[in-house]
Amino acid sequence: MKYVDEFREPEKAIALQREIEKISRQIEKHIKIMEICGGHTHSIFKYGIEEILPDNIELIHGPGCPVCVMPRGRLDDAIAISQHPNVILATFGDTMRVPGSKDSLLQAKAKGADIRMVYSPLDSLQLAKDNPNKEVVFFALGFETTVPSTAFTILQADAENIHNFSMFCNHVLVIPALKALLDNPDLQLDGFVGPGHVSMVIGTDPYQFIAQQYHKPIVVSGFEPLDILQSVWMLLKQLVENRCEVENQYNRLVEKAGNQIAIKAMNEVFAIRETFEWRGLGELPNSGLKIRTEYSQFDAEVKFTIPNQKVPDHKACKCGEILKGVLKPWECKVFGTACTPEAPIGTCMVSSEGACAAYYKYGRFSNSTQKKVIEKPTASLTS
């Protein structure tokens with residue numbers, strides 16, 4: 001395949017749907033499959049994939065949204081850094097409206113803080129070059145997907161000897177989060193749709209523990225509708241054949257050993273934190289990254305004093321349970337009413353990868369879903 005339309009052909013989707021329907025009849029129990037990545041969740045709702053699956057196949061969204069898992073206390077820390085004199089805080093657009101305990105970054109900007117949206121860490125480094133009399137801090141966050149670009153930016157800053165640049169590091173790791181989910185007795189999962197973007201960096205080998213220790217199948221998937229349908233079919237096939245393996249549907253971009261150049265840069269710049277707080281999952285050991293002491297001149301947590309306090313979530317917000325897959329967004333009482341993308345209470349409604357944002361954008365306000373068969377090309381698969 002060379003063009004994106006080829007990943008959305010209705011005829012191929014019909015064929016995959018029929019194969020999924022056929023194999024699902026061989027499974028008597030209700031099957032719960034978690035798509036780990038928020039990008040998959042949005043594709044599933046955008047293309048109506050959940051609605052064409054058999055009734056005994058349920059897709060559950062996981063914690064793979066980096067903005068969503070950010071605890072309120074770390075947002076407060078970022079705002080505190082922005083309020084230091086002579087500081088420019090640079091951040092991705094998704095984080096601007098994430099609510100802290102009092103304000104979001106956007107509200108802090110409205111009150112006078114110099115907070116700017118950038119598209120990459122290198123943009124923030126350019127800000128430091130353009131503003132030599134200012135301290136520029138990049139609010140770094142994300143899973144392994146974005147860690148290499150952060151690492152390469154620090155290496156670039158070091159090579160160019162730029163002293164007015166640092167990063168507030170909030171990078172997290174997907175494997176400890178998966179272990180926490182698998183150890184959660186409230187969540188009984190039958191398989192995983194593995195994250196495509198993360199796997200482009202780390203490869204498929206790190207997921208072996210899921211098959212070997214927890215005896216669950218996982219299929220690393222791409223993000224187009226045919227990718228996801230094929231991945232679901234591959235998972236069901238494993239279940240019917242009593243196999244538990246790590247399979248790679250996204251082999252056009254994901255390699256078994258990952259991207260070794262990216263991994264080398266990550267390991268050079270970052271070390272693993274002993275513990276890091278996640279929204280919904282709490283403190284997880286060895287689940288976050290910190291900047292190594294060799295590059296401490298680029299560590300905002302060394303340069304600045306921050307509150308570093310834990311802040312509980314809003315009492316009405318169920319983001320934590322939604323991130324764990326225990327609840328669906330429509331089971332939160334404030335979803336779509338008090339909590340909307342324009343006035344979010346929780347992070348899941350803010351991020352472009354958030355489950356609540358996906359449900360809201362594509363009109364899923366209840367659990368009333370009419371399963372349907374694709375009989376002709378639909379707008380959902382061709383748009």
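This is a predicted model: local features need pLDDT of at least 70, side-chain atom pairs count only at pLDDT 80 or more; totals for chains, interfaces and linings use all residues.

Author: Happy to! Residues are numbered from 1 along each chain as its sequence is written, and side-chain values use heavy atoms, with hydrogens and water left out.

Strand S1 (residues 31-37) runs parallel to S7 (residues 191-194), and three bridges link the two. Strands and helices here are DSSP runs numbered from the N terminus (strands are E, at least two residues; helices are H or I, at least four), and two strands pair if DSSP finds at least two bridges between them.

S1 and S7 belong to an open sheet of five strands with parallel pairing, in the order S2-S1-S7-S8-S9. At its edges are S2 (57-64) and S9 (246-248); each has a single partner strand, so one side of each has no neighbour in the sheet. On average, neighbouring strands in this sheet are turned by 20° against each other, direction ignored. For such angles, axes are lines fitted to C-alpha atoms, for helices over the stretch in contact, and the values run from 0 to 180 degrees between N-to-C directions.

Helices pack on this sheet too. Helix H2 (residues 38-46) touches S1, S2 and S7, and its direction makes about 120° with that of S1; touching is contact, meaning heavy atoms within 4.5 Å. Helix H10 (residues 225-240) also packs on the sheet, where it touches S1, S2, S7, S8 (218-220) and S9, at about 155° to the direction of S8.

The largest nonpolar core has 126 residues, and Phe165, Leu178 and Tyr207 touch the most other members. Such a core is a set of buried Ala, Val, Leu, Ile, Met, Phe, Trp, Tyr and Cys residues joined through side-chain atoms within 4.5 Å; buried means under 20% relative accessible area, exposed over 50%, and partly exposed in between, with a 1.4 Å probe and protein chains only. H10 gives this core its largest share, seven residues. In soluble globular proteins, nonpolar side chains tend to be buried together.

Finally, look at Leu178: apart from neighbours within four places in sequence, Leu178 is in contact with Ile36, Phe192, Tyr207, Phe209 and Ile210.
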